[in-house]
Amino acid sequence: MAAPEQFEGFMIHDTKKWTEFTKEKFTPKNFEDYDVDIENECCGVCGSDVHTITGGWGELATSPICVGHEIIGKVLRVGSKVKSFKPGQRVGVGAQVQSCMQCRMCKSNNENYCPHMVDTYMAPYNINGGNPSVKIDDQKPMKDSKGNQIFSQGGYSSHSRVHEQFVFPIPDNLPSEIVAPMMCAGLTVYSPLKRAGVGPGKKVAIVGIGGLGHFALIWAKAMGAEVTAISHSPNKKDTALQLGADHFVSSGDKNFAKPHAFEYDFILNAADMTNEFDIAQYMSMCNINGEFHNVGLPDQPLPQFKAQVFASNGAKMGGSHIGSKKEMLEMLDLASKIYEKGVKPMIETIDISEKGCSEAVQKVKTNKVRYRVTLTGFHKAFGTGKN
Ligand SMILES: NC(=O)c1ccc[n+]([C@@H]2O[C@H](COP(=O)([O-])OP(=O)(O)OC[C@H]3O[C@@H](n4cnc5c(N)ncnc54)[C@H](OP(=O)(O)O)[C@@H]3O)[C@@H](O)[C@H]2O)c1
Ligand SMILES: [Zn+2]
Ligand SMILES: [Zn+2]
């Protein structure tokens, strides 16, 4: 079964009107050898969608734009070189849809750092991008019939067309609306926890209990660490403990860091407002040679701090970008196993529509979500689901 020639999505035209979604058709990338066509079923709403449509990270590279990069759907057809998927299979897609498949990063399970990556939305496509047998220099911009550059469009939409490396098989026992937010939020925190060797005997703090942070509590606990949730108000204490935190700290208290000096081997910061943080306080909570690791990407730069903050405990500061396919498959395996024991994320659903998208992004912007919204009801909204 082929996907339609044009896809349909809920789109934003202007960052000044970031709550005004309109349902419109758009031209997807050309169907190429490594592509998988997917009929979308639901999609999570990430903080990054809000940064993009509000212009917090800069102006739109193309307009209108369809955001969304936590997609679950069903395979409709596969390109001639696709090996691992068949029509009918349930799959997921995260925040990346293509990489070069030929650089050192792509060849070492670090394709999430490929310099030729294509983000799931607002990134330009090249012809034969992601085809390892075509040299990068020979991959020219992909244009539509009017000669305009084709950009990637995200998952608040009827269909997705994605390179098979960035399509993931979904374990049968995980409901779609629960697994959707794992495609970006889940992976983005799983990858740094894994790479930091988080496990039994390690003390980990998770800062910012939003979509990303709440997954981090679940994973860190499942990996066997002693976990502390750090939140900027006391409001989330009960749910943070329910999600797996052993301890809760409110960073709203002025000297909150003092009792926790030298305590954490790894602090994972998933908060969105690090620009307002007193970095010295956070760094002071790191154990000797510990790390303060940023996945949150606020609109504003980090605040200034003295180099001396590194001197008191030899700690490091780092960051990361989503994760690799290898890590995604590991994370899904873990999620599937702990789901059987009743461990699952806290997900709200909103049916997709112009109003539903607007409500969802405003809830994220005002920190009212507990803890992730998944947009659902795609088949009804787009008249799909009949295959
Ligand atoms: N690196 C990557 O690859 C990657 C991937 C996905 C997303 N991101 C970024 O990660 C960040 C979090 O995304 P998300 O989807 O989890 O967003 P989210 O659900 O909105 O969570 C953000 C959290 O930040 C904290 N926060 C909000 N206002 C704050 C304030 N004034 N002071 C201190 N903390 C505040 C809140 O946690 P508390 O109430 O607990 O303090 C909030 O829940 C965003 O910047 C997003 O763009 C990065
Ligand atoms: Zn995201
Ligand atoms: Zn590459």
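Which helices each supply at least two residues of the shell around ligand 1? I looked this up in a predicted model, where local features need pLDDT of at least 70, side-chain atom pairs count only at pLDDT 80 or more, and totals for chains, interfaces and linings use all residues. Residues are numbered from 1 along each chain as its sequence is written, while chains are lettered from A and ligands numbered from 1 in the order in which they are written.

**Ligand shell.** I find that helix 1 (47–54), helix 3 (185–195) and helix 4 (211–222) each give at least two residues to the shell, helices (H or I, at least four residues) and strands (E, at least two) being DSSP runs numbered from the N terminus. I count 30 residues around ligand 1, the closest being Gly47, Gly210, Gly211, Ser231 and Met273; a residue is near a molecule if its C-beta atom, placed from the backbone, lies within 6 Å of it. Domain 1 (7–184 + 347–382) and domain 2 (185–319) both contribute to this shell, so ligand 1 lies between them; the domain bounds come from an automatic or database domain assignment.

**Strands 16 and 17.** I then turned to strand 16 (residues 347–351) and strand 17 (residues 372–376), which run parallel and are joined by 5 bridges, where DSSP must find at least two bridges for strands to pair. Ile347 stands opposite Arg372 in strand 17.

**Whole chain.** I noted 10 helices and 17 strands in the chain, and its C-alpha atoms fill a box of roughly 60 × 45 × 45 Å, taken along the principal axes.
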